[in-house]
Amino acid sequence: MSSFQTALTAVLPMFIMLGLGWYLRKINMADEHMLNKLNTVCFRTFLAVNVYYNIYKVNIKEVFNAKLLLYATATQILVLLLSLLVAMVTEKGKKRRGALAHGIFHTNFVIFGTLIGTALCGEGNIGGISLLIAIIVPLQNVLSVVLLEMFRENSRLSFKKTFGGVAKNPYVIAASAGFLTQLLRIRYPEVIANIFRDLGRCGTPVALIVMGGLFNFGAVRSNIKPILAGCIARLVIVPAILVAATIALGFRGADFIALMCIFIAPCATTSFNLASAMDSDADLAAQLVVFTSLFSLLTIFLWIFALSRLGIF
């Protein structure tokens with residue numbers, strides 16, 4: 001497969017599904033209320049089932065890689081520090097600094113990792129990505145709450161509330177259930193396993209359609225500077241640093257793709273909800289979700305095309 005075809009295979013489905021969501025909203029076949037409800041269903045059901053099914057199916061002994069997990073965890077600390085640096089230099093307001101740093105740090109790894117991983121590795125071959133989801137998603141959630149609490153007006157960090165929220169995260173619950181299923185060596189009849197598989201398959205397409213429908217460019221004039229800083233940091237600077245480091249450390253194949261998906265993904269759609277709930281700058285958070293998601297279609301294509309041409313995967 002040519003480098004161009006490899007990149008197009010990964011990005012074209014995203015573009016079409018986002019475009020479909022935007023079109024359905026435009027012709028009033030889907031309104032904001034419906035899309036928000038569907039987003040909740042997707043977040044709590046389809047994507048969570050997908051995480052569970054991929055861990056259930058994978059042979060952990062074959063894909064477990066301590067070096068991979070430790071490196072992925074270390075990179076998140078580095079990205080957090082970089083996001084704080086960009087926010088402190090770019091913005092003066094406390095809430096805006098928190099929203100910007102959070103937008104750079106918290107990625108849409110579940111949706112984009114699943115889609116890109118499936119496109120590049122093939123369906124049923126993304127066990128490594130599912131294991132990283134099980135580690136990175138709760139880590140990002142914990143650090144995101146801590147980050148936003150740091151920049152919250154007149155608020156003290158509550159570890160009980162922080163870890164309580166992480167424990168209730170559908171992805172964390174799904175990953176824990178998947179590992180428990182593996183530990184107890186539970187195997188389902190094929191007809192039951194296929195139900196999990198088919199429900200999980202709904203996750204990424206529905207999430208992207210909903211994202212496209214909820215795109216709202218709004219008034220961006222007052223947020224142009226942090227939007228540009230956030231997009232450049234999230235989609236260019238972070239991938240450039242970490243992809244280069246990952247190549248230098250010798251990661252290749254499925255492990256490299258799994259790590260790459262963390263680095264090149266746009267801002268998490270749930271960051272807006274978290275920013276709203278934690279008294280951050282919700283408007284800036286929403287704009288970062290919109291613009292990083294939109295521009296990521298181009299940057300993801302270019303990253304995959306370039307890395308494929310270099311023979312990295």
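These legends describe close-up views of a predicted model. Residues are numbered from 1 along each chain as its sequence is written, and local features need pLDDT of at least 70, side-chain atom pairs count only at pLDDT 80 or more, while totals for chains, interfaces and linings use all residues. Side-chain values use heavy atoms, with hydrogens and water left out.

**View 1. Helix H12 spans residues 253-264.** Helices are DSSP runs of H or I with at least four residues, numbered from the N terminus. H12 has 12 residues and reaches 16 Å from its first C-alpha to its last, close to the 16 Å expected at 1.5 Å a residue, where the expected span is 1.5 Å times one less than the number of residues. Nine of the 12 residues are buried, among them Phe256, Leu259 and Ile262; buried means under 20% relative accessible area, with a 1.4 Å probe and protein chains only.

**View 2. Phe263 lies in helix H12.** Phe263 has a relative accessible area of 1%, and therefore counts as buried. Leaving aside neighbours within four places in sequence, Phe263 is in contact (heavy atoms within 4.5 Å) with residues including Tyr71, Arg234, Pro239 and Thr246.

Key
Helix = DSSP H or I, 4+ residues; strand = E, 2+ residues; numbered from the N terminus. Buried < 20%, exposed > 50% of the residue type's maximum accessible area, 1.4 Å probe, protein only.
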